[in-house]
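Dear colleague,

Please find the structure below, followed by a short account of the side-chain contacts found in it.

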Amino acid sequence: MASEKRERRKAKSIVPSYKPMEITLIKRDKNRTDLKKDLGISPSTLAKMSNGEYVALDVIALICEYLECSISEVVEFIEKKEDAE
């Protein structure tokens, strides 16, 4: 009996935005290099954030702890923009 692999559902109309994190970094006199150096966040994770892709919640929690802020000061959901064809 072969098991059927189900594809994980993803939100269709909203995507994460990390613009709040950029603002919080500025307020705290920090930058993305500090996140990489002080927290060990990988360049690929930072690239995902730049591209508005999903990042693991434990990474978000680590950033919140480091910046001493709430999750809303790191990430928000915005309406997905339709790709121009």
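**Salt bridges and an aromatic pair**

Asp38 and Lys37 are joined through their side chains in a salt bridge, at 4.0 Å from N to O (the term requires a side-chain nitrogen of Lys or Arg within 4 Å of a carboxyl oxygen of Asp or Glu). Lys37 is exposed, at 62% relative accessible area, while Asp38 is partly exposed, at 41% (buried is under 20%, exposed over 50% and partly exposed in between, with a 1.4 Å probe and protein chains only).

This is a predicted model, in which local features need pLDDT of at least 70 and side-chain atom pairs pLDDT 80 or more, whereas totals for chains, interfaces and linings use all residues. Residues are numbered from 1 along each chain as its sequence is written, and side-chain values use heavy atoms, without hydrogens and water.

The structure holds two salt bridges. In one of them, the closest N and O atoms of Arg32 and Glu22 are 2.7 Å apart. This pair links distant parts of the chain, ten residues apart: Arg32 belongs to helix 2 (residues 32-39) and Glu22 to helix 1 (residues 19-27) (helices are DSSP runs of H or I with at least four residues, strands runs of E with at least two, numbered from the N terminus). Both residues are partly exposed, Arg32 at 22% and Glu22 at 29%.

There is one aromatic pair. Tyr54 and Phe77 are tilted, with 6.4 Å between centres and 45 degrees between planes (rings of Phe, Tyr and Trp, the last by its six-membered ring, pair with centres within 6.5 Å; under 30 degrees is stacked, over 60 edge-to-face, the rest tilted). Tyr54 is in the loop between helix 3 (43-50) and helix 4 (57-67) and Phe77 in strand 2 (residues 76-79), so the pair ties together parts 23 residues apart in sequence.

Yours sincerely
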